[in-house]
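Trainee: Hi! Could you walk me through this one? I'd like to start with one residue and then zoom out.

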Amino acid sequence: MANEEEISNKQIILRDYITGFPKESDMVLRTGTIRLKVPEGSNSVLVKNLYLSCDPYMRSRMQKLDDNYVPPFTPASPISGYGVAKVLDSGHPDFKEGDYVWGFTGWEQYSLIENPQPTTLMKITYTDVPLSYYTGILGMPGITAYVGFYEISSPKKGEYVFVSAASGAVGQLVGQFAKLMGCYVVGSAGSKEKVDLLKNKFGFDDAFNYKEEHDLVAALKRYFPEGIDIYFENVGGKMLDAVLANMRVHGRIAVCGMISQYNLEQPEGVHNLFRLVTKRIRMQGFLIFDHYDLYPKFLEMMKQYITEGKIVYVEDTVEGLENAPTALVGLFTGRNVGKQVREMANGDDEVSNKQIIFRDYITGFPKESDMVLNTTGTIRLKVPEGSTNSVLLKNLYLSCDPYMRPRMQKLDDHYVPPFTPGSPIAGYGVAKVLDSAHPNFKEGDYVWGVTGWEQYSLIDNPRTLMRINYTDVPLSYYTGILGMPGITAYAGFHELSSPKKGEYVYVSAASGAVGQLVGQFAKLMGCYVVGSAGSKEKVDLLKNKFGFDDAFNYKEEHNLVAALKSTHLELAPIRNSFSDPKEVSVLKADEFEISRVKRAGRGVMYYYLIVFRYFPEGIDIYFENVGGKMLDAVLSNMRPHGRIAVCGMISQYNLEQHEGVHNLFLIITKRIRMQGFIAGDQYHLYPKFIEMMKQYITEGKIVYVEDIVEGLENAPAALVGLFTGRNVGKQVVKVARE
């Protein structure tokens, strides 16, 4: 294309200034135009952007702060930040066509950088590493870690070092620098996966998940019984307060960032600052702009460390400019562990076809590394000549389901065949027909059914595909509420469980794709429904969104038999009708008892401890998704003639030896019917099911929650997350726009 021509230039635009947590909708993809020539007589540099960096400091640029160290973004203009680019044209003497550079650029395909300064655009001369490293280990995060640790913290061999947000771009380097210095290093992060990374890849002496610690002061005391010499601060708030309580005399705190505070309208107060005095602590904030004079010294050190294999680095790369908002927002929910780039289709019949490949059969918990993104595949966007049945699909949504775990090992007696090592994973999804030789499908149809974990799939025998006719709902619903999970919930509850109005129903894994529907079906039937889930957030969802009568967090129950039979506690206000609160000791009723009177205001309102019972009379119907100890506990609490619909046993899928269930004799003594089933046997009920669901959805009687991640490359993490309870609702991967 001639350089004088204008070409399209995709850009990520900030809509307007924000408050609170950033959302993807705060940014929009826009297509502008640009000339691939610098203006005549200009010292500007025209670059093609290759990698863009997502950094926490960018959040403060999304609001208008008068005293921020970098200016705010301009609404309706492209976002800017650090990146790596290739020079296409230059009027500046320090840069020429073909140079690779890193520094400040726009979130767009091409950027015209006017008047680049030595600290805002730097030529890349060391190219024995991936260019993306200059967004991280060899770029702004790298020099930040170097300055904050070596220059600000004044480390000495043998000192005790704590790093918060330790798996991030800066934190992972600080920890490794400290280990190379001979220090004892502990890091904190927000997930088991990240904690494992700190200990097993980055070589930290220890690490912990701060989300699992209810008392951060005590947690740090446990890891640092002698106290902390150096704290590399990335978090702020409660974490900083806890660290101050655990610092040693003459300790140093390098304040790099406070990511926990960036989305708060009112930052949290830090209460232990007087410890700066009593412990003679030096606490110093710093900005990297003040230290770029150290970059040559830093780069020489890093080149040696990288060559000698003394430093490792992990990037979390997402592909495509259109996915940049998702990546940036993910920083503030802990979704990230790194960065990526998008390859576009070339417009010919044969295009690239990214795929998620299954490496090999596994034992134990699946890992993201059991799957790999293959970017070298290609596919022709036509069904083969002479085919009579094939259908070519563009995949839009992929479903992550628990049954996929057994397909990752070679089981001779499983109801679906195992995945094939070296081939794409397959599962349920929603797709658009691009070409078809099958009489039941035509170009432009939307379908759901079994497809490949790839951008495009050629389905040779589409007996598992169903055409989507009802399109008044999001298409993603056909991975869940209107797809396999939906018909599973319908058949398991209405057909197998033979429910009657007024019965007591218990659903395990109740916030998942199937469980949330079963509970709502039961409520619509007039049943009393209790669900269990693995977090407070999910329990709240069950009670406040899905309308369950009650719910509990099974992780907080040490005795599941007692939990199902027994009690849980809540505080509730009751207006006092007694002259003296001492007269109120314990009141009893059919479903609760009241005790522990607490005065809440001037003898008028008191708080009583109310004790509810989940299933004091037992369970009529149990919808089984978990297995193991949960099933044992339920059997102890079943009523005579109860029914158990066995849909899944997710707690057992990753065990080499399944847990024994000890209470099966109760099936006899209580005359319980316990029946396993699979959705594949129930599809004859689909027409009846879809008509019922269309009515429920139209009348607003059913609600549904999806947990959607964007990008095929994020599919392995989404699938693995099912088995640690990371998802909230139906886990879906969005591959392409509808």
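**A chat about the model**

Mentor: Happy to! F332 sits in the loop between α8 (324-330) and β14 (350-352). Keep in mind that this is a predicted model.

Trainee: Is F332 buried or exposed?

Mentor: F332 counts as buried, because its relative accessibility is 10% and the cut-off for buried is under 20%.

Trainee: What is F332 in contact with, leaving aside its neighbours within four places in sequence?

Mentor: Its contacts are F21, P22, P56, R59, I259, Y262 and N263.

Trainee: Okay, new topic. How confident is the prediction, on average?

Mentor: The mean pLDDT of the protein is 87, and 90% of the residues reach 70 or more.

Trainee: Where is confidence lowest, and where is it highest?

Mentor: The lowest is strand β27 (residues 587-588), with a mean of 36, while strand β8 (residues 160-163) is the highest, at 98. Over residues 567-612 the pLDDT is below 50, and in the model this stretch has 82 contacts beyond near neighbours in sequence. Residues 338-348 also have pLDDT below 50, with 38 contacts beyond near neighbours in sequence.

Trainee: What should I do with stretches like that?

Mentor: Where pLDDT is low, the predicted coordinates should not be read in detail.

Trainee: Got it. Now the big picture: how many helices and strands are there in the protein?

Mentor: The protein has 16 helices and 34 strands. Its radius of gyration is 29 Å, close to the 27 Å that the globule rule gives for 738 residues, so the protein is as compact as a globular protein of that length.

Trainee: What size of box do the C-alpha atoms fill?

Mentor: Roughly 85 × 80 × 50 Å, taken along the principal axes.

Trainee: And how much of the protein counts as buried?

Mentor: Of its 738 residues, 53% do. The accessible surface comes to about 33,800 Å², and carbon and sulfur atoms account for 50% of that.

Trainee: What about contacts between residues that are at least 6 apart in sequence?

Mentor: Among those, 69% join residues at least 24 apart.

Trainee: And the charges? How far apart are the mean positions of the positive and negative ones?

Mentor: They are 5 Å apart, counting 79 positive and 85 negative charges.

Trainee: What comes just after α9?

Mentor: S498 does, with a positive phi of about 45°. P499 then lies in the loop between α9 and β23 (504-507).

Trainee: Why does P499 count as buried?

Mentor: Because its relative accessibility is 11%, and buried means under 20%. Leaving aside neighbours within four places in sequence, P499 is in contact with F493, H494, M525, I621 and R643.

Trainee: You mentioned a positive phi. What is the general rule there?

Mentor: Most residues other than glycine have a negative phi. N115 is not a glycine, yet its phi is positive, about 55°. A165 is not a glycine either, and its phi is about 50°.

Trainee: Where are N115 and A165?

Mentor: N115 is in the loop between β6 (110-113) and β7 (121-123), and A165 lies in the loop between β8 and α2 (171-180). N115 counts as partly exposed at 44% relative accessibility, and A165 counts as partly exposed at 31%.

Terms used
Residues numbered from 1 in each chain as written. Predicted model: local features only at pLDDT ≥ 70, side-chain atom pairs only at ≥ 80, totals over all residues. Heavy atoms only, no water. Helix = DSSP H or I, 4+ residues; strand = E, 2+ residues; numbered from the N terminus. pLDDT = per-residue confidence, 0-100. Contact = heavy atoms within 4.5 Å. Rg over C-alpha atoms; globule rule 2.2 N^0.38 Å. Buried < 20%, exposed > 50% of the residue type's maximum accessible area, 1.4 Å probe, protein only. Areas by Shrake-Rupley, 256 points an atom, 1.4 Å probe, with all protein chains shown as cover. Lys, Arg positive; Asp, Glu negative; His and termini not counted. Charge placed at Lys NZ, Arg CZ, Asp CG, Glu CD.
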